[in-house]
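Trainee: Please take me through this structure one topic at a time.
Mentor: Gladly; here it is.
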Amino acid sequence: MSERLPSPLADAVDSRARLRPPLTHVPLSDAPLPSLDGMTGPWPGAEVRVCGGVDGTDVAGSRYDGVLHVRHTPGPGSVREQPGRHPAGGARTAVYVHGLGGSSTNFSDLAGLLSPWAEGHAPDLPGFGFSPPTEGFDFSLRAQADVLADYLTGHCRGPVDLVGNSMGGAVAMMLAAHRPELVRTLTLVSPAVPDRRPDPRRLADPRLPLAYLPLVGRRVRRRLAAMSPRQRAEQVLRLCFADPTLFPEHRLAELIDEHGARASLTWAEEALGRSTTEIFRAWFTPGRGSLWALAPRITVPTLVVWGMRDRVISVRRAPRTARTLPRARLLVLPRTGHLAQMERPTTVARAVLGLWDRADEGNW
């Protein structure tokens, strides 16, 4: 899975390689975790005003004047049974950032497994889940990162442990690079780094590229809109899971309900289309604006997780991603697709706890 880095990053990365631990040496925590069997239903969510702080006052410097739908996971000290304690002691705050077409429910199991160590915040990004975009929002990765920064500034104490999947991984990378004081550690699950393969198998529906073309686009969009919530949910599973049959039945029911609820949201289709366009725009941005140029600026301890059978963002991008990040280690999971935090939540939780432990000890 080796992949050569482009100049001028190669020399800098090679010199760092002599000082960093082996790239794939990822310690997995053996701490006892909560049972997944008890995690039925998404975590409670509520609308949160982004430009306002916890006391309702405006936050200085906030750029986004709107609301996000955020799901909260109880942390240490809640009524939930605590099977373990973080070695460094004290509570921490984890923030979970979903991918394109996803939502805060993509982290229900992982957030629950990590709840004995961290209070969890899982926002629906503007245009996704149940967060309406504000008028004029441009849906770029940088705009999403700015909204997330505003949320962290107003509603989270101190630097957070940031976890991002797919598009959310790219958003988290931008936040960590531009606002490092807000991030304690970074976990990237199949982040949406540039992957320009023209492969229709990467799409939930092969008709999607036609949906925004002149003449045929309107007819294609009508046909896509006519799909049932179950059909939409099953498309996502076929694309994003190595083995869709392993997806828990109660989680499938939740996904179907969410697709059904979003069908009535007038802004949902446009948000998905414009966000897709902005991801491709980011992938073709050259020079200093590229995600590859941004990665070396991220100095926080970072865990990169990838599924060997990821159809959306190829696992071939994994080594380059981990090597380009100055303090990253890479965990590649067999028989796993694009949503490792949903398909292998226990393994991902143990890897995240390993990152948190080593980062707290200063030896990541």
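**Contacts, burial and packing**

Trainee: Which residues is Glu254 in contact with, sequence neighbours aside?
Mentor: Glu254 is in contact with Thr40, Gly41 and Pro42, leaving aside its neighbours within four places in sequence; contact means heavy atoms within 4.5 Å. This is a predicted model, in which local features need pLDDT of at least 70 and side-chain atom pairs count only at pLDDT 80 or more, while totals for chains, interfaces and linings use all residues. Residues are numbered from 1 along each chain as its sequence is written, and side-chain values use heavy atoms, with hydrogens and water left out.

Trainee: Where is Glu254 placed? And is Glu254 buried or exposed?
Mentor: Glu254 is in helix α7. Helices (H or I, at least four residues) and strands (E, at least two) are DSSP runs, numbered from the N terminus. Glu254 has 16% relative accessibility, so it counts as buried; buried means under 20% relative accessible area, exposed over 50% and partly exposed in between, with a 1.4 Å probe and protein chains only.

Trainee: Changing topic, how much of α4 is buried?
Mentor: Of its 12 residues, 11 are buried, including Met167, Val171 and Leu175. The buried residues of α4 pack against β3 (92–97), α3 (141–155), β5 (160–165), β6 (183–189), α8 (268–283) and α9 (291–294).

Trainee: And what span should α4 have?
Mentor: At 1.5 Å a residue, α4 (residues 167–178) should span 16 Å, and its end C-alpha atoms are 17 Å apart, which agrees. The expected span is 1.5 Å times one less than the number of residues.

Trainee: Which residues touch the most other members of the largest nonpolar core?
Mentor: Leu141 and Leu162 do, in a core of 68 residues. The largest share of this core, nine residues, comes from α4. A nonpolar core is a set of buried Ala, Val, Leu, Ile, Met, Phe, Trp, Tyr and Cys residues joined through side-chain atoms within 4.5 Å. Apart from it lies another core of 30 residues, among them Ala111, Ala340, Leu353 and Trp356.

Trainee: How many disulfides does the structure hold?
Mentor: It holds zero disulfides, a disulfide being a pair of cysteine sulfur atoms within 2.5 Å. Cys156 is buried, with a relative accessible area of 11%, and Cys240 counts as buried at 8%.

Trainee: Turning to the backbone, what is the phi of Phe139?
Mentor: Phe139 has a positive phi of about 65° although it is not a glycine. Most residues other than glycine have a negative phi. Phe139 is found in the loop between β4 (118–123) and α3, and at 5% relative accessibility Phe139 counts as buried. Ser190 also has a positive phi, near 45°; Ser190 lies in the loop between β6 and α5 (217–225) and counts as buried at 0%.
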